[in-house]
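Keep the sequence and the 3D view at hand as you read.

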Amino acid sequence: MKFNAGFDIETDTEKLIFHYGPECFGPEVEQRRLDDIRQSLKNPSADGPSVLYAIAMDVGKKKHLADLKKRNLLYGAVIYSKGRIGNEPVRSQGHIHAISNSCNSSTPEVYEIWEGEAVIYMQETAEDNPGRCFAVHAKTGDVVIVPPSWAHCTVNANTNKNMAFGAWCVRDYGFDYKGVREHGGVAYFPTVQDNGHLAWSTNPSYQAPELIVKAARTYPEFGIERDIPIYTQYENNPNLFAFVTDPESVKDIWINFEP
Ligand SMILES: O=P(O)(O)OC[C@H]1O[C@](O)(CO)[C@@H](O)[C@@H]1O
């Protein structure tokens with residue numbers, strides 16, 4: 001399927017892969033299978049699609065690659081299967097962005113939904129007290145920012161459709177799964193109700209406050225505009241996503257940040 005990511009990329013929803021146009025680059029996808037993420041499910045023995053999502057880290061226009069490397073920025077793409085896992089939606093296992101050597105800090109991630117509907121779930125920590133917990137509903141074109149060091153996972157919110165997104169990340173990214181895995185997942189488990197909507201139940205291995213469910217918002221504090229692909233916004237203003245690779249430069253924004 002074709003959508004406006006700001007560069008020439010298409011999804012193949014049958015094979016769960018990406019196709020790149022002649023002026024673009026991108027790797028073969030890395031698959032995440034049901035067996036890879038079972039331990040983070042509400043019901044680890046549930047049945048579902050064997051490949052849940054496929055990841056292509058480092059995609060974009062060939063003419064930008066040198067600049068992206070210079071800035072230490074990386075654009076990733078992920079495509080999700082439709083369907084469900086028992087009564088749970090297809091989703092990622094959850095992780096925290098590890099401390100990157102380049103900035104000596106965990107880094108944020110800026111998502112843009114390309115097709116389908118997503119929930120970006122996030123919580124402040126992966127400790128017994130996870131801090132504030134948010135489920136942010138995002139539709140095609142919406143942007144969602146996950147702050148540095150928050151645990152997060154991505155949910156395909158519509159079981160009848162594939163979902164795909166792009167995201168700005170740091171180039172020397174690393175994923176820390178430890179806290180999430182020790183708790184058997186994130187603090188709230190999504191399930192699919194009969195009407196197709198998501199419901200949320202607490203993971204008993206945390207002492208979590210009430211979940212805040214909300215719609216995606218805009219991010220004027222970062223200078224991000226609505227309705228323009230975030231890749232195009234980088235193309236028009238290459239310094240715009242410098243906060244992704246240097247989160248300390250906007251440290252006041254992260255205090256009491258609400259996604
Ligand atoms: O938690 P997993 O399975 O490693 O997922 C990795 C994917 O998650 C994301 O960080 C989104 O949260 C992608 O950018 C990345 O490719």
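L16 lies in the loop that joins strand 1 (9–12) to strand 2 (17–20). Keep in mind that this is a predicted model. The phi angle of L16 is near 55°, a positive value in a residue other than glycine. As background, most residues other than glycine have a negative phi. Is L16 buried or exposed? L16 is buried, with a relative accessible area of 7%.

D227 also has a positive phi, near 65°, and is not a glycine. D227 sits in the loop between strand 20 and helix 4 (230–236). D227 is exposed, because its relative accessible area is 64% and exposed means over 50%.

Now look for an open sheet of 4 strands, in the order 15-12-13-20, with mixed pairing. Which strands form its edges? They are strand 15 (151–156) and strand 20 (212–215), each of which pairs on one side only. From one strand to the next, the twist averages 20°.

Strand 13 (residues 133–138) pairs with strand 20 in the parallel sense, over 4 bridges. Here F134 stands opposite I212 in strand 20. In general, the strands of a sheet pair through backbone hydrogen bonds, either parallel or antiparallel.

## Packing inside

The largest nonpolar core has 64 residues, and those touching the most other members are V110, W114, W168, F241 and F243. What does F241 touch, leaving out residues up to four places away in sequence? Its contacts are L73, V110, W168, I224, I230, Q233 and Y234. Apart from this core lies another, of 19 residues, among them C133, V180, A187 and V192.

## Aromatic pairs

The structure holds 27 aromatic pairs. Two of them are set side by side here.

| Pair | Distance between ring centres | Angle between planes | Type |
|---|---|---|---|
| F3 and W114 | 5.0 Å | 25° | stacked |
| F222 and W254 | 5.5 Å | 40° | tilted |

Why do these two pairs get the labels they do? The planes of F3 and W114 are at 25°, so the pair is stacked, since the cut-off for stacking is under 30 degrees. The planes of F222 and W254 are at 40°, so that pair is tilted.

Each pair links distant parts of the chain. F3 is in the segment before strand 1, while W114 is in strand 11 (residues 109–115), 111 residues apart. F222 is in the loop between strand 20 and helix 4, and W254 is in helix 6 (residues 251–254), 32 residues apart. F3 and W114 are both buried, and F222 and W254 are both buried too.

How many disulfides does a search of the whole structure find? The search finds 0. Take C133, one of the members of the 19-residue core: its sulfur is 11 Å from the closest cysteine sulfur, in C153, which is too far for a bond, because a disulfide needs sulfur atoms within 2.5 Å. C133 is buried, with a relative accessible area of 0%.

C169 is in no disulfide either; the nearest cysteine sulfur, that of C103, is 12 Å away. C169 is buried, with a relative accessible area of 6%.

Key:
Residues numbered from 1 in each chain as written. Predicted model: local features only at pLDDT ≥ 70, side-chain atom pairs only at ≥ 80, totals over all residues. Heavy atoms only, no water. Core = buried A, V, L, I, M, F, W, Y, C linked by side-chain atoms within 4.5 Å. Buried < 20%, exposed > 50% of the residue type's maximum accessible area, 1.4 Å probe, protein only. Contact = heavy atoms within 4.5 Å. Pairing = 2+ DSSP bridges. Helix = DSSP H or I, 4+ residues; strand = E, 2+ residues; numbered from the N terminus. Axes fitted to C-alpha atoms, helices over the stretch in contact; angles between N-to-C directions. Phe/Tyr/Trp six-rings, centres within 6.5 Å; stacked < 30°, edge-to-face > 60°.
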